[in-house]
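Please read them beside the sequence and the model.

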Amino acid sequence: MRLLINKIVLGLSTLSALIGLGFLAWILITLFIKGLGSFHFSLFLNDLIDGGLRNLIVGQFILAGIAAAIGIPLGMVAGIYLQEYGRSRYAGLIRNLSDIMMSAPSIVIGAFVYAIVVVPSGGTSGFAGAIALSIMMLPIVINTTDNMLSLVPRELREAGIALGASKYRVILDIVIKAAKVGIMTGILLAFARIIGETAPLLFTSETSNYFSLDLSESFPSLTVSIYDLANEPEESSRDLAWAASFILTVLVLTINLTGRYFTRNKKR
Amino acid sequence: MPVMNIQDFSFTYPNVSHPSLKNINMKIRKNKITALIGPSGCGKSTLLRSMNRIHDLYPGNRYEGTIDLLNDSTQKMENILDIKKENEFIELRQRVGMIFQKPTPFPMSIFDNVAYGLKIAGIKNKSELAGRVEQALKDGALWKEVNDRLDKSAMGLSGGQQQRLCIARAVAVKPEVILFDEPTSALDPISTGAIEELLVELKKDVSIAIVTHNMQQASRISDYTAFMYLGDLIEFDKTESIFLNPKEKQTEDYITGRFG
Amino acid sequence: MLQNFTDNLELIKSKVTDIGDGLLKSNELILDALEDCDAQKFHDAKGFIKNISSKTDEIDNEIIKVLALYTPEARDLRRVVAYLKITNELSRACANTRSFIKGFTDVCADVDTKTIKEYALPMQSSTVKAIKTTINMINIDDIDEIQECYNDVLIEESKTDDLYEMVEANLHDMAKELNQFEKFYRMLRALRKSGKIADRASSIANLLVYIQVGGNFHK
């Protein structure tokens, strides 16, 4: 009887896994077919105004890059503070806030940045978009730094102290080095996450048809443009949207897989 | 003259109502091995960790009594419980080293591991560093095995080698006392034997205090033994006396395996 | 191997050998003394077996210390336990030697040198050989060599047994007159001690073999 129940449960769980994987496969296959159909290398050479995607891809990277330049150092320092110095009630508060922010809807963050940056500055800008993305990235980096540092055994810190090192030396020389791979992986995954975000950029940096490096104006974004293109009536626009989605997916997948590859090495 | 003198020492952890150590009186004698034995929870590790004030990483402890450490240059005993300033703590830990139960190699090369304490102490000269590292690795009975791969990561060493690396690292700064907190419980019998031999050699240069839950280890290598139970020091005497003619019944019961 | 442990074992072994050497020298000197009933030599022989009980106590305490501190196993355990029993045997052998000296000091006064030489010398000679071989065995580790030596000791020991029987028979015949009987009886009793010493030597040799070979105690 128990054997039968075992088999049933095994069967059901395998079925659910297959269904989940099935949908994933369906999405990827659809993307591939539709995307590849409209894909050609001139997409990388022309800007949107000429029917290409170059300015959008470059723009998305720049936005994500600036967000990372803000979010990573801030997030790491906060994470280090939480783990190494945080015994007070403040630490608990910050951790809770960070967790809440991680689940905040991305559109709300976009609206928030709209209110505090776009309105006072008089218009949409790349800056605003980058800020919105960095706000999204911050709690992820804090969380990953905090967690990876907590995995470093207590004795390692004590061993450093026992040799006569000061607390900050122990953190810099030993603890961070020990958690290095985990933290880097976390950061990479956070980057992969924000490079595919749309909602925070909708009201803040919008998008642009032209190649631009001017962050004080609306800034080209791959994700926002996919949204725009998909809503346009022309067939050609929607084909372009498929191609853009395909490229975006490949991008995010690559960064993710790279991150996991490094974790695999560490586990060994 | 003893190198450490513990008098009427009591210790309470933060946010705990009753003390974990009550009125401990014992000495650490120079160039001898003193073992702390007793059943789990008797306070032996707590006592050991008080000797280099590593409890103070986690603030809120309450101390009573004194722990005196001999100052070699003035030949005076100084109470280490009075230390408050950061640089005094650092100096204390350079004089009283510690080895942990789990080997704790730093995530760096073997050379950098051993040189770490030296660099903190301000030694920058490359040849001096190299010389001291070599000497420390020899004192730690590790030189022969690693002298051809000093720049490789320490994480690639076996458990026994890692522990000897930690010992070499501690010995490099030439401390007066080294505290060992169950240094071989995580190791196989061969590595354990190697480290026991190492300890007996080391006592020529350093005074040693060792916590062990293995009574035979204490009887094999120590000169003095302290038996502790539930925060009290029950008996402290020459190892020969403790294991042949213990004075307290509790000690005898523990040694003969009738409890604990 | 811990230095402390090996040092302690070596110390015990050398102390046991010391007592053994004393016993040997004493008996060798006795052999010499028997040549011409030299009272001085008998007296000097006693000097080699002085303070035996305090020496054996010292060794016994050392052994107990080693057992408590180092929990020896296998050959090491057999070694220290065998030494514990050997000190007993050595102590008794020394007591036997003293009795022999006392006994023969009297005998020399009564019995003629020729008779003494005829009967006592061969026995004591075998005894001395037995002791010598046994004491040598303390420092031999090779199993084959030790077995050989053990056999030699057994041979000497059985020689003393045979010789004693012979002496007993002869003296019986010689001492048909009552007053002679007592003199010769005393000599017989004294000679018995020599035989006992040889017995002790073979017990010790047996224990030394046990160290190397193991198994159970047995004679």
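1. Start with Gln75(B), which sits in the loop between β4 (62-71) and β5 (76-79) of chain B. Helices (H or I, at least four residues) and strands (E, at least two) are DSSP runs, numbered from the N terminus. The model is predicted: local features need pLDDT of at least 70, side-chain atom pairs count only at pLDDT 80 or more, and totals for chains, interfaces and linings use all residues. Residues are numbered from 1 along each chain as its sequence is written, while chains are lettered from A and ligands numbered from 1 in the order in which they are written.

2. Is Gln75(B) buried or exposed? It is exposed, because 8 other C-beta atoms lie within 10 Å. The cut-offs are 12 or fewer for exposed and 20 or more for buried, with partly exposed in between; C-beta atoms are placed from the backbone.

3. The hairpin of β4(B) and β5(B) has four residues between the strands, and there Gln75(B) takes a positive phi near 60°. Four bridges join these antiparallel strands. Strands pair if DSSP finds at least two bridges between them. Leu70(B) stands opposite Met77(B) in β5(B).

4. β4(B) also runs antiparallel to β1 (residues 4-12) of chain B, joined by seven bridges. Gln7(B) has Thr66(B) of β4(B) as its bridge partner.

5. Now the contact between chains: 14 residues come from chain A and 20 residues from chain B. Contact means C-beta atoms, placed from the backbone, within 7 Å. On the side of chain A that touches chain B, α6 (154-162) and α7 (167-194) each supply at least two residues. The largest share, six residues, comes from α6(A).

Notes: Two residues are in contact if their C-beta atoms, placed from the backbone, lie within 7 Å.
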